[in-house]
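Please keep the sequence and the model in view while reading.

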Amino acid sequence: MGTEQTPTTVPTVSAGAVQWTVERIRTFWNLVTDRPVSLYASSVLRIGYGLLYLIFLLREFPHRHEIWGPSSPWTSALAQQLFDQTGWNSFLTLSDSRAYFELCYAMALVTSALFMLGWRTRVMSVLFAVVVVSFHARAIFMTDGGDNLILLMAVYLVLTACGRRWSLDARRGRVGAARAGGRPAPMRSLSSQQLRDARITLTTVVHNCGIFVIAAQVCFLYGSTGLYKVQGATWGNGTALHYALNLELFQPWPALSHLVDQYPIAITAACYLTVLLQVAFPFVLFGRLKYPVLALLLCMHIGIAVLMGLPLFSGAMIVADAVFLPDRFYRFLGRLWRRTTQRIGAGSADASRGPESAHVPAQPGPVLTTTPSSATQ
């Protein structure tokens, strides 16, 4: 009996495994091709990185010639020698003319602003990536390093549909749909309809893959940083932040750094908590534990920005963390924003009318009474 049951049991198990594998592949394919995911999160990344780079360029506006321009100690010839070794390139090295540099800088400011606002996002995302790559490559040793993550995210955002929410493109689409009203869509031929469906599917797949790459990049960044810290002796004994707070190069407010350094127990706890958060981050993304972890990471980056004077790096990391928040969270924020603005608008309208224009209830008219003397007259 045992020899008769063995041939029938093995194919059943293998068939179940094959069916389970097919089901998983079908589910994954539907997830990738059915609809674009994290549209609000990609829009937040577009707004955040566009705004960060715009602020970065405006902050360095008085020093633009010394960093990227003709007066830079890292000359165009030195940059070209580095390009020959690394394969980078930059449109800033095409000419040493001051007028050409000013034109490029103005174009970078306009591109960052339009990308942030979401105007012709597909084109602006490519131009924004070219701007970030060019400025980064031109003076790779002159900035504080916070633009490294912006460089990666600018390239990744080219793949995403980051202009479908909270953008001028989305507003134009809503206005066009409202003007069209209930008019039926024009008839399409079979080939044009198939081409349109294929384009939509391809755009969805590329967008979802771009979001996955962005999330994987952030996970790799946190995980590798945490593992490198584990190997360090100062992080192991809890004194790393003490040394960081006493670096003169990273002390925008020395009195504040020295004040925080007076609490060694809190410094040691912050060291261990930082390592724990960064190592555990990739493993808590599929549960509710990610929300307190993201909140603690937000506090950590704010502390880095304030205590170490690295606002660009901290801002880039905070914006990158936004990719892990679901769209329902951003829709809730949108509804909360609309209700708040409506209440503020209603309150300002009531205040502008003033007390004299307030609604006055109707008053009874005069009552005419006749006396006996008036009646006789």
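## Helix 2 and helix 5

Helix 2 and helix 5 are roughly antiparallel to each other, a term for angles over 145 degrees, where under 35 is roughly parallel, 65 to 115 roughly perpendicular and the rest oblique. Their axes come within 7 Å and cross at roughly 155°, the axes being lines fitted to C-alpha atoms, for helices over the stretch in contact, and the angles running from 0 to 180 degrees between N-to-C directions.

Contact here means heavy atoms within 4.5 Å.

## Basis of the model and overall make-up

This is a predicted model, in which local features need pLDDT of at least 70 and side-chain atom pairs count only at pLDDT 80 or more, while totals for chains, interfaces and linings use all residues. Residues are numbered from 1 along each chain as its sequence is written, and side-chain values use heavy atoms, with hydrogens and water left out.

The protein chain holds 17 helices and zero strands, both taken as DSSP runs numbered from the N terminus (helices H or I, at least four residues; strands E, at least two). Of its 377 residues, 35% count as buried, that is, under 20% relative accessible area, with exposed meaning over 50% and partly exposed lying in between (1.4 Å probe, protein chains only). Among contacts in the chain between residues at least 6 apart in sequence, 78% join residues at least 24 apart.

## Helix 7 and its surroundings

Helix 7 (residues 147-157) is largely enclosed by the rest of the structure, because eight of its 11 residues are buried. These are Asp147, Leu149, Ile150, Leu151, Met153, Ala154, Tyr156 and Leu157. The helices against which the buried residues of helix 7 pack are helix 2 (39-59), helix 5 (98-117), helix 6 (121-138), helix 9 (190-230) and helix 15 (311-321).

## Helix 9 and helix 13

Helix 9 and helix 13 (residues 264-280) pack with their axes 7 Å apart, at an angle of about 135°. That angle makes helix 9 oblique to helix 13, and the crossing of the two is left-handed. Tyr222, Gly223, Thr225, Gly226, Leu227, Lys229 and Val230 of helix 9 meet Thr274, Val275, Gln278 and Val279 of helix 13.

## Individual residues

Threonine 111 is found in helix 5 and is buried, with a relative accessible area of 5%. Leaving aside neighbours within four places in sequence, threonine 111 is in contact with Met124, Leu127, Phe128 and Val131. Leucine 78 lies in helix 4 (residues 76-86) and counts as partly exposed, at 33% relative accessibility; the C-alpha atoms of leucine 78 and alanine 139, 61 residues apart along the chain, are separated by 9.8 Å.

Two cysteines may be described together. Cysteine 209 counts as partly exposed at 39% relative accessibility, whereas cysteine 219 is buried, with a relative accessible area of 15%. The count of disulfides comes to zero, a disulfide being a pair of cysteine sulfur atoms within 2.5 Å.

Key: Left-handed = near helix turned anticlockwise from the far one by under 90°.
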